[in-house]
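Subject: Structure handover and notes

Dear colleague,

Please find below the structure I promised to pass on, followed by my notes on what I found when I went through it.

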Amino acid sequence: MNNLLGYNVTYYVKNEGKNDESVILAMPIQNQNNDLTISSELFSKLTTKNGNTAIEYFKDENTSKTNTAEISSDATLIYNGKYQAMDKNLIDLTDKSGNITLLDSNKNGKYDIVFVKNYENIVVDTVSSTGKIVDKYSQKVLKLDDTVDFRITKGLEEISVSDLAEYDVLSVAASLDKELYEVEVTNKTVEGKVTGKDSKGVLINGTKYKVAANYTDPIDIGSEGVFYLDTDGKIAAFDASKTLSSNYAYLMKAYYTKNTEKASFKLFTKDGKEVTLDANNKIKFNGKSNVKALDVVNSLNTSEDVTASQLVTYSTNADNKITAINTAVDNSESGAVNTDKFTKNYDLTNAKFSKTLSKVGNVRVDDNTVIFDITENTDDYAIRNITMFEDGQTYNASVYDMSENYTAKVMVVTNSQINAAADSSIAVVKDIVKATNNDDEQTDMLVALVDGKEVSIYAESENILVNGDRKLQEGDIIQYKTNSKGEIVSIRLLLDITAKNNEFTLNPTDKLEIVYGKVTKKFSNSVNVSVNDSNTVNYTIPAETPVYSVDTTKSKNPITVAEISDIQNFDSDENNRIFIKIYDDVVSEIVIIK
């Protein structure tokens, strides 16, 4: 019944016998109490009225119009639950958090009882068994034990110290003598990204939030994570670690420029770009705020100017300066999944890729897995996708942020051989042209027949679509591999058209065989082929096999899609041969060469 202190009430008692009575209900008497509650947000200033202290306050947050509440000269002050001599400093809520309730119990138009609730926020970092609560930001300690009176509420429920958890926001109203504590607990959160900011607060998911006085770290546009709110709905804490993992980069170098006192970080980002970003003087490092950027550089360097290259997550502000960096929690020994923190789950060595299972070793990969291709001892880095893996090949890789179904969110592969997959389609080259890619960079473009149709594909750079010291040319047959942008990063030359008279058999990789020779006899669904006039071999041609034609005698449209019926026996005048691609003992593609 503390909330009725000072009110004129009607109360009901229960007679327990032997003059023992207990109050079972109390209600304010209608029209006998006049009260007014003013939050610190609506508090304007202290003033005077009729020679008495008065409070000027706003009617609501959306108006500049104010009202004035007059306080009786002999008013009683209850400050954070305890009587205090009237003191203007205690009722001045300028730049404070809390509220004032004014009660006129004699209906004379002046408020004769003043209840002040002034609280400070504590964000729980740790809680000890002895009742010590450590604040996450100031490291201030609040001790709630049997030496003080305290009450902790969470919503309508009264809870104990042991119920508190990390990131709970405590709004603590303490009496001046520190013997009485009223603690309100919230764990309300908002998860999202800051998209706007002004002097009054920040915009998250389209909603404006003010920042509580206890949180002094900068919250910049672009900051992303979980925001914890106090009882007034203000941001009292911020944890970027839970969503920071989406912004991966491979740390190449961390250094500090003494003459400018500037910390810089060279990163290879998940977008495949190499960038060097400066940092604020103080940043958040592995969840800890206000860490000097120089100390972060020192932590990331194994010795002077030697950085421990590794996968990190980071965030930047509107000025593109680094405001936070996380290194991974290392669970590689146990392989334990941690969905709350940026985590390294495994270090895989010689792990075989199974195309059927979409697994590298025991870890799943899918189309959403971001793969950092980091060639050791070089700066030759790239971003790949699942297509980089070749069935049956082994890889060394570190696995990050693995889900409970063992699917990797990120992999760092350190020994990749970026070759076209054995089962990838052939490309019959029509042309190599100069082009400008989507990043406005000059490169080459392959124009070719692939899977029965003409395609145009950018190369990652100008030195890829080559055969020795020349560009690929019309009639060459290749396989290629692409990166996550769909750009060609490597090729496998299967036929050099300038050497079309040279017959051969070739096994470039396991399961892949190339036969180039003469058709000695054609059947409805097979052909006999000899290579360099050696023993003839019969090859069955499935009905759906793609067939192409390269006719070097034609000046117009020499590269076309053909049909199985176009295959002919060798004719010395035609000088025709057949190119057969066989994968896993099955004819998969054919090219007729003239």
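Rings of Phe, Tyr and Trp (for Trp, its six-membered ring) are taken as a pair if their centres lie within 6.5 Å, and such a pair counts as stacked with planes under 30 degrees apart, as edge-to-face with planes over 60 degrees apart, and as tilted for the rest. By this rule there are 12 aromatic pairs, and one aromatic cluster is made up of Y250, F268, F372 and Y381.

Before going further, please keep in mind that this is a predicted model, in which local features need pLDDT of at least 70 and side-chain atom pairs count only at pLDDT 80 or more, while totals for chains, interfaces and linings use all residues. Residues are numbered from 1 along each chain as its sequence is written, and side-chain values use heavy atoms, with hydrogens and water left out.

Charges over rings

A charge is said to sit over a ring if NZ of Lys or CZ of Arg is within 6 Å of the ring centre and within 35 degrees of the ring normal. K136 lies over the face of Y167, at 4.5 Å from the ring centre, and K518 lies over the face of F570, at 5.3 Å from the ring centre.

Sheets and strands

Helices (H or I, at least four residues) and strands (E, at least two) are DSSP runs, numbered from the N terminus, and two strands pair if DSSP finds at least two bridges between them.

Strands β37 (residues 427–436) and β38 (residues 442–450) run antiparallel and are joined by eight bridges, with V429 standing opposite A448 in β38.

For burial, I call a residue buried under 20% relative accessible area, exposed over 50% and partly exposed in between (1.4 Å probe, protein chains only). Five of the seven residues of strand β35 (residues 394–400) are buried, so this strand is largely enclosed by the rest of the structure. Strand β35 pairs in the antiparallel sense with β30 (residues 343–354) over six bridges, and K352 stands opposite T394 in β35. Four bridges also join β35 to strand β36 (residues 410–413), again antiparallel, and the bridge partner of S398 in β36 is V412.

In helix α3 (residues 293–300), the buried residues are A293, V296, V297 and L300. Seen down the axis of α3, these fall within an arc of 100°, so they line one face of the helix; the arc is that of the directions from the helix axis to the C-beta atoms.

I592 lies in strand β51 (residues 586–593) and, at 6% relative accessibility, counts as buried. Leaving aside neighbours within four places in sequence, and taking contact to mean heavy atoms within 4.5 Å, I592 touches several residues, including V547, Y548, A562 and R577. K511, by comparison, is placed in the loop between β44 (504–506) and β45 (512–522) and is partly exposed, with a relative accessible area of 37%.

Most residues other than glycine have a negative phi. N320, however, has a positive phi of about 60° although it is not a glycine; it lies in the loop between β27 (310–316) and β28 (322–327) and is partly exposed at 44% relative accessible area. N350, in strand β30, also has a positive phi, near 50°, and counts as exposed at 53% relative accessibility.

With best wishes
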